[in-house]
Structure formats: C-alpha cells, structure tokens
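Please look at the sequence and the fold below before reading on.

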Amino acid sequence: MSTYKTTHLGLHSWAGTDQVSRLEFNENFAAIDAALGNYRKQVDTSTKDAKGIYTVVNYKRGDGTLYMKSTLSGGTSPNYTTDTWRFYDASGATVVKTITWTLTYDTDGNVIDAVPAVS
C-alpha cells in the first residue's frame with residue numbers, strides 16, 4: 001500500500017520497488033475521472049486556419065464558466081511557435097495565470113520541445 005498521496009487529487013504514489021495494489025490503482029483512476037469529469041473542451045470553430053488547425057480551444061467547467069483558453073500563435077500553420085494558456089478564476093472572467101509555451105518542431109513537423117514561461 002502507498003504511504004504518500006499527491007497534493008491536489010490525493011492520488012496514491014509509489015516508490016519504484018513498491019507493489020501496487022489494484023484497489024489503489026483503480027482509486028487513482030476514479031479520482032482523475034471525477035476531477036476531469038467537470039471540464040469539457042470546446043473548440044472555437046471560427047479560429048480554424050487554412051490548413052485545418054484550430055488555433056483557439058476553450059476548456060470549461062461543468063457550470064459553463066471558462067477555466068482555460070489555449071491559443072496558438074507565431075510561426076506559420078501548422079507549425080505555430082507559441083501556445084498560450086490562460087487560466088481563469090471561478091467566474092471565468094479574470095485571468096489568474098498565464099503559461100506561454102515556446103514550441104520547437106522536427107523536420108517532419110512534430111513538436112519535439114515545449115518550453116514553458118509562467119506569468
């Protein structure tokens with residue numbers, strides 16, 4: 001049995017040599033499912049670029065208020081160089097935290113690095 005639980009969701013955490021019980025493993029999945037079940041992703045279809053990339057995605061709470069907005073910018077589609085995440089207070093109106101990710105791509109156009117800057 002794990003003796004440590006994570007701060008936010010109270011998930012079981014194990015050392016590399018610990019035996020993991022199915023009960024604890026299933027409890028972790030149930031906690032994650034419950035936490036994410038109150039959020040939904042909503043794509044702003046008006047932001048679809050010429051190459052079919054949605055540049056704005058809103059994440060909303062169960063009550064419909066905005067939780068987080070992800071906005072792609074910089075570079076050229078589909079290789080945007082910046083992904084800005086804005087997190088909102090409980091009312092969904094005021095930005096409380098912003099994380100700006102600088103994206104780097106390989107020659108095939110796959111993201112190979114994302115460096116965050118928090119403000």
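## Elements of the chain

The chain holds one helix and eight strands, where helices (H or I, at least four residues) and strands (E, at least two) are DSSP runs numbered from the N terminus. Read along the sequence, these elements follow the pattern β-β-α-β-β-β-β-β-β.

The model is a predicted one, in which local features need pLDDT of at least 70 and side-chain atom pairs count only at pLDDT 80 or more, while totals for chains, interfaces and linings use all residues. Residues are numbered from 1 along each chain as its sequence is written, and side-chain values use heavy atoms, with hydrogens and water left out.

## Overall form

The chain has a radius of gyration of 18 Å, whereas a compact globule of 119 residues would have one near 14 Å; the radius is taken over C-alpha atoms, and the globule rule is 2.2 Å times the number of residues to the power 0.38. Along the principal axes, the C-alpha atoms fill a box of roughly 50 × 40 × 25 Å.

Of the 119 residues in the chain, 24% are buried, a word that means under 20% relative accessible area, with exposed meaning over 50% and partly exposed in between (1.4 Å probe, protein chains only).

## Aromatic rings

A search of the whole structure finds three aromatic pairs. Rings of Phe, Tyr and Trp (its six-membered ring) pair if their centres lie within 6.5 Å, and planes under 30 degrees apart count as stacked, over 60 as edge-to-face and the rest as tilted. The rings of Tyr 67 and Phe 87 are edge-to-face, because their centres are 5.7 Å apart and their planes stand at 80°. This pair links distant parts of the chain, since Tyr 67 is in strand S5 (residues 66-76) and Phe 87 in strand S6 (residues 79-88), 20 residues apart. Tyr 67 is partly exposed at 29% relative accessibility, whereas Phe 87 is buried, with 14%.

The rings of Trp 85 and Trp 101 have their centres 5.1 Å apart and their planes at 55°, so this pair is tilted. Because Trp 85 lies in strand S6 and Trp 101 in strand S7 (residues 95-105), the pair ties together parts that are 16 residues apart in sequence. Ring pairs link Tyr 67, Trp 85, Phe 87 and Trp 101 into a cluster.

Phe 25 lies in helix H1 (residues 22-36) and is partly exposed, with a relative accessible area of 41%.
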